[in-house]
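Have the structure open as you read.

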Amino acid sequence: MKERLKSNLGLKILSVFLAFFVWLLVVNVSDPKQSGERSVQLEIINEDALTDAGLTYELVERSTVTIDYTVHMRNSSQIQPGDFRAYIDLADCNVLGAVPVRLEVLNHKDMVTNVRANPSVVHVETEPLQRKEFDLRMELKGKAADGYEVNSYTLASKKVWVKGPESLVGQITAVGVEVDIEGAEGDLTGVASPIFYDANGNPLNLGEKVSVNQTEVNYTVQILKVRQLTLDFEVGGNVADGYRFTGIECDAKTISVVGLRSQLASITSITIPSEALSVEGLMAGKVVTVDVSQFLPEGVRMVTDNGDTTIHIRLDVERLSSRIYSIDKNDIVLTGKREGYDYTFIPDIMEVTVQGLEEDLDSLDSAAIKASTDVSQLEAGVHEAAISFEALEHGYEIFDYTRMSLTVTDSNRSFESEEDLEAGATASDMGESGETEGQAAEESSGSGNNH
């Protein structure tokens, strides 16, 4: 078998060659026609026909068409997609959205016949065109260098107009520009493109169908050095009777602010006024929330991590207690004593009621209560002592004390004995009694005469 294949090998090769040559000759002489196709990008004209009607459009499923044609075999390799133009005229769009595809043969018109588009009709979906105005906001990305903070920023435009299909424009909640301030130690200026955001603050990519009237916006960001200011507090009003304002506590000792040097030059602290910190009628402590920004000078701004400018201030109020302390009469200081006079207090112990906080009363000793009375103008006899007290330390108040009687004796008057003293007193009594009896007798006599 192998030998048969090898026999007459040269003749067989020649036969094949001759057969190919004959086929080529037949093809070139007869030049048969064949079908061809090319994919062509679909062109759209007269878009204004829809936009003028307040509509926007979108091709359904395709943006290309296939061009079918007939061409002689020998010319088939010369036909390219660029030899054809396929387009639709939106002025031909009917109520169903169907638009016929139109064709033009740009090159080799004499080579191709039976030219047609597949499909011959395309469908266009229309939608109302919306034009909406948005406030333009700035989104700052990153953080300024330590000790620096954004004081203010400006945009060359405050509003922009957005135009596009109603379904896409409806997805937009806000429009802004983003500026990177990471590590900044001074003012920033530049140009940024508007970005669309959804309701959650996420950027939207809506493609070319949505346009904005300004593609670039100029911005300026003012970055200033942060300054620390202390807080001062003024408390107003009076607590209820039997209570005492005991102090103030705040969750912030200082606040961070920014402002121009000229605005901060004379400021070292911020005062929270008494109108915001009233303890009038309080019987217990309370917490007051104060917005510090309302007490800042114009042009000065408070800096916080979350933008919250409020502080929380606790006004402490405690109930007062009372305690009685005993003072010996010998510890009462007599001022203005005169020579030859003796002074005696009754009773021997004076009870003093001191009002204050419980913990303060625990540390108060009766020796700290200094009492005195002025006797310089007192004559012999029994008097009610006018007791005075030295001011106690802050936090104590003398609420009440035992009334003391003071007997003053003139020791310059001397008697030979106690009997003389008693006799003198008796004689004095008798003299007064005799005078009275004489007057009574006289009155009785006078009465008799009248009768």
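## Exposure classes and the model

Lys-159 has a relative accessible area of 43%, so Lys-159 is partly exposed. The model is predicted.

Lys-159 has a charged partner. The side chains of Lys-159 and Asp-135 form a salt bridge, with N to O at 2.3 Å. This pair links distant parts of the chain: Asp-135 belongs to strand β8 (residues 121-141) and Lys-159 to strand β10 (residues 159-165), 24 residues apart. Asp-135 has a relative accessible area of 51%, so Asp-135 falls in the exposed class, whose cut-off is over 50%.

## Other salt bridges

How many salt bridges does the count give? The count comes to 11. Side chains of opposite charge can pair when their charged atoms come close.

Arg-102 and Asp-92 form one of these bridges, at 2.5 Å from N to O. Here too distant parts of the chain are linked: Arg-102 sits in strand β6 (residues 102-105), while Asp-92 is in the loop between β4 (84-89) and β5 (98-100), 10 residues apart. Arg-102 is partly exposed at 34% relative accessibility. Asp-92 is partly exposed as well, at 28%.

Arg-323 pairs with Glu-358 in a salt bridge, and their closest N and O atoms are 2.9 Å apart. This bridge connects a strand with a helix: Arg-323 is in strand β24 (residues 321-328), and Glu-358 is in helix α6 (residues 358-362), 35 residues apart. Arg-323 is partly exposed, with 26% relative accessibility. Glu-358 is partly exposed, with a relative accessible area of 42%. Elsewhere, salt bridges with shared partners join Glu-43, Arg-85 and Glu-104 into one network.

## Aromatic pairs and charges over rings

Searching the whole structure gives two aromatic pairs. One of them is Phe-389 with Tyr-401: the ring centres are 5.1 Å apart and the planes stand at 65 degrees, so the pair is edge-to-face. The cut-off for that class is over 60 degrees. Phe-389 lies in strand β30 (residues 388-389) and Tyr-401 in strand β31 (residues 396-401), 12 residues apart, so the pair links distant parts of the chain. Phe-389 is partly exposed at 23% relative accessibility. Tyr-401 is partly exposed, also at 23%.

Tyr-401 has a further contact. Arg-403 lies over the face of Tyr-401, at 4.3 Å from the ring centre. Which ring does Arg-131 lie over? Arg-131 lies over the face of Trp-161, at 4.1 Å from the ring centre.

## A nonpolar patch

Leu-11, Leu-14, Phe-17 and Leu-18 make a nonpolar surface patch of about 410 Å². Leu-14 is placed in helix α2 (residues 9-30). Leu-14 is partly exposed, with a relative accessible area of 44%.

## Glu-61 in its loop

Glu-61 occupies the loop between β2 (55-59) and β3 (64-72). Is Glu-61 buried or exposed? Glu-61 has a relative accessible area of 82%, so Glu-61 is exposed. Glu-61 and Val-124 are 63 residues apart along the chain, and their C-alpha atoms are separated by 9.4 Å.

Technical notes
Residues numbered from 1 in each chain as written. Predicted model: local features only at pLDDT ≥ 70, side-chain atom pairs only at ≥ 80, totals over all residues. Heavy atoms only, no water. Salt bridge = Lys/Arg side-chain N within 4 Å of Asp/Glu carboxyl O. Helix = DSSP H or I, 4+ residues; strand = E, 2+ residues; numbered from the N terminus. Buried < 20%, exposed > 50% of the residue type's maximum accessible area, 1.4 Å probe, protein only. Patch = residues over 30% accessible without salt bridge, like charges linked within 9 Å, V, L, I, M, F, W, Y side chains within 5 Å. Areas by Shrake-Rupley, 256 points an atom, 1.4 Å probe, with all protein chains shown as cover. Phe/Tyr/Trp six-rings, centres within 6.5 Å; stacked < 30°, edge-to-face > 60°. Lys NZ or Arg CZ within 6 Å of the ring centre and 35° of its normal.
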